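Let's take a walk through this structure together. We'll look at some aromatic rings and then turn to a helix.

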Amino acid sequence: MAQILLHGTLHVTIYEVNRLSKDGVSGFFQKIEDVVGGGKGDRLYATIDLERARVGRTRLLDHDSNPRWYESFHIYCAHLASNVVFSVKEDDAIGAPVLGRAYLPVTELLENEEIDRWLELLDKEHEPIHKNSKIHVKVQFLEVTREINWDRGIKTPKFPGVPFTFFTQRNGCKVTLYQDSHVPDNFVPKIPLSGGTLYEPHRAWEDVFDAINNAKHLIYITGWSVYTEITLIRDNRRPKPGGDITLGELLKKKANEGVRVLMLVWDDRTSIKFFKEDGLMQTHDQETESYFHDTEVHCVLCPRNPDGGRSLVQNLEISTMFTHHQKIVIADSALPDGNEDKRRIVSFVGGIDLCDGRYDTQFHSLFRTLDTVHHDDFHQPNFADSSIKKGGPREPWHDIHSRLEGPIAWDVLFNFEQRWRKQGGKDLLLNLGELDSVIIPPSPVTYPDDRETWNVQLFRSIDGGAAFGFPDSPEDAARAGLVSGKDSTVDRSIQDAYINAIRRARRFIYIENQYFLGSSFAWKAGDDIKIEDVGCLHLIPKELSLKIVSKIEKGEEFKVYIVVPMWPEGIPESGSVQAILDWQRRTLEMMYTDVAQALHAKGIEANPREYLSFFCLANREVKKSGEYEPSEKPEPDGDYIRAQESRRFMIYVHAKMMIVDDEYIIIGSANINQRSMEGSRDSEIAMGAFQPYHLGHHQPPRGQIHGFRMSLWYEHLGLLDNTFLNPEDPECVKKVNEIALKYWDLYSSESLEHDLPGHLLHYPIDVTAEGEVVELPGFENFPDTKAKVLGTKSDTLPPILTT
């Protein structure tokens, strides 16, 4: 049967199954449960699939001839499918035997507003199962162009935010946007904003230092990694009293002053040999816990424990492979007028961990800071034997963060309280209700007519294994904006936020992210992989390519710009890095194929890269007198010495950000991969925000989001140009791609007479007119390495680890 594109939203209710028999269900699995323990017993659940993609799953019920779920699902879809498939399965400790499957043809779904029907359950030969059992379902499909916000941007300042989420949108907030951990005084892009003002960059670690240093009642921190030996203030032209203190000493000082300091740091349980060798998981968790032992700082190492309803194998995978990835600082703060008697909550959310290797500026030096701010913070995990004694290049770090004030800051606080109650142990959370005479309850921090006000919504990827208080019943979970299934409750609103923002987009999308892979259900099938085993099912790449396709079909200008690292951090030739690059290549090829086919259908002669452009960041410096001279040399004929002699290296893109039409921005900890987007793997947090007085329906927005994007482009390109004002314009994408290709040529050349004038590089691939991703001529490998740009499929690492 022909497959049809289902792009929109499925509303599905699974009611019940009738006349279900236990006959023929194998007792083999029960015997395994008896031996290994931990089995769930004789329990059933139902699933919803669109071809090779699992899109829904019910809770577990005791085996019964008439299991009744009555569960409803709100499912975003962008899948080619011939049927919506409903499966009834038996749960056990190892796998899930299928008792029967029912098929609802997509053609019928498109012909009817709603289908409410009993469907026959069939066996693998498509014959009715014992007693002609049936499943009762109701299904409705809303095509994407019928959605109220499709292709319309944010239509009104009263836009209510992303629907079906745990946290509602908050109004009357203030947002501060940060590029990198520090901005020196000599980084001064002159970017005009509406109202005649100029954009002003802000300084993340200075503001975090002030927030911690000035707190009177509470400091709550979560991190993938928190390192006590770093200092937050390092710019000798911008000193602060006490700024030379380490983070660890600062937190101890505040705790000794009576401030409640609580920390949730991910407990890295990965002791598997290849993890350490590949540099995927390098934290200081044990050091940090030991440092605060027997002090007033309460530091808890929390593993990524699974939620219920999983097999033994899945439980092992989650606890050893996945992480707590949220990066949060919450503190009480003085009011803007300096009134110390009244306090309010301020929160920081984004991509920057408070650990080593994160401090950097927009200049991203490789060698010139090795005797100053990076001498004791030398970070270079891409070479096995790197050290400050052997010299640069260090790995520069590009990241994005935010500060949130107003009601939204309390949502971040509530997230911390949920996590602490689940894994913090002792009940040490401050009862802020008892401090309401001092700490102002959630309330707007801007007036309704303040043209700089923000509307902000909090999103997460997290489940009941990491957050306390999630509802048990699917009905209550759905009302709370959560997804339930197989005895687990999941918040995956970050993915929902991305999908909603992409679908709203009208002009352009700009993304910076540490990873870019997904929508594996749409990858090209081949002999080397079984698509359904990959499981990287989130929709973001497919939503992006379908948005571009829709604009090509309508004859409207629309562009997507995506910045990723040259390769994922780690030894570039290693199996894990090469596997991720392979998934990335498959993702890009799927997207470029969609775009190419749309261009061919319209008779447009153009390369898909004119609509969808990928970039990376890098630096190259000529040697200057007075530089740090290392006392040792790297091993001969290795990546390290080659990079040192060529004076070049990638800038690591660790940002997790998307800007849509210069009017909406998402910033958080979540990567564009399955780990971050599923909700039941890595725990994540993000915010989505817009300024209601800076929307783009009458003229292009010129608020803080526009200024932030232009400042990022100034950092990456080393210049500003009027064409950058309208990224959807063909002249803009042409200019940016020309500059990026020029910088790639300079970066990859045999020698360089001057510093690289900018950092944005053409990602070193080529794209054919048919959308195939191929090697850039002459660059099978990244410069100075033997690592393949297109990656290599791993036959040993499971996809669940690398996706």
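Start with Tyr-510 and Trp-713, both of which are buried. Their ring centres are 5.7 Å apart and the planes meet at 75°, so this pair counts as edge-to-face. Tyr-510 sits in strand β21 (residues 508–513) and Trp-713 in helix α16 (residues 704–717), so the pair links distant parts of the chain, 203 residues apart. Keep in mind that this is a predicted model.

Phe-167 belongs to the loop between β9 (134–143) and β10 (170–179), while Phe-414 is part of helix α8 (residues 407–423), so here the pair ties together parts that are 247 residues apart in sequence. Phe-167 is buried, with 4% relative accessibility, whereas Phe-414 is partly exposed at 35%.

The charged end of Arg-648 sits over the ring of Tyr-747, 5.8 Å from its centre. Lys-252 lies over the face of Tyr-291, at 4.4 Å from the ring centre.

Lys-252 brings us to helix α4, where it is one of the buried residues. How many of the residues of α4 (247–256) are buried? Seven of the 10, so the helix is mostly covered. The cover includes α3 (204–213), β11 (218–223), β12 (260–266) and α6 (285–292). After α4 comes Gly-258, with a positive phi near 105°.

How values were computed:
Residues numbered from 1 in each chain as written. Predicted model: local features only at pLDDT ≥ 70, side-chain atom pairs only at ≥ 80, totals over all residues. Heavy atoms only, no water. Buried < 20%, exposed > 50% of the residue type's maximum accessible area, 1.4 Å probe, protein only. Helix = DSSP H or I, 4+ residues; strand = E, 2+ residues; numbered from the N terminus. Contact = heavy atoms within 4.5 Å. Phe/Tyr/Trp six-rings, centres within 6.5 Å; stacked < 30°, edge-to-face > 60°. Lys NZ or Arg CZ within 6 Å of the ring centre and 35° of its normal.
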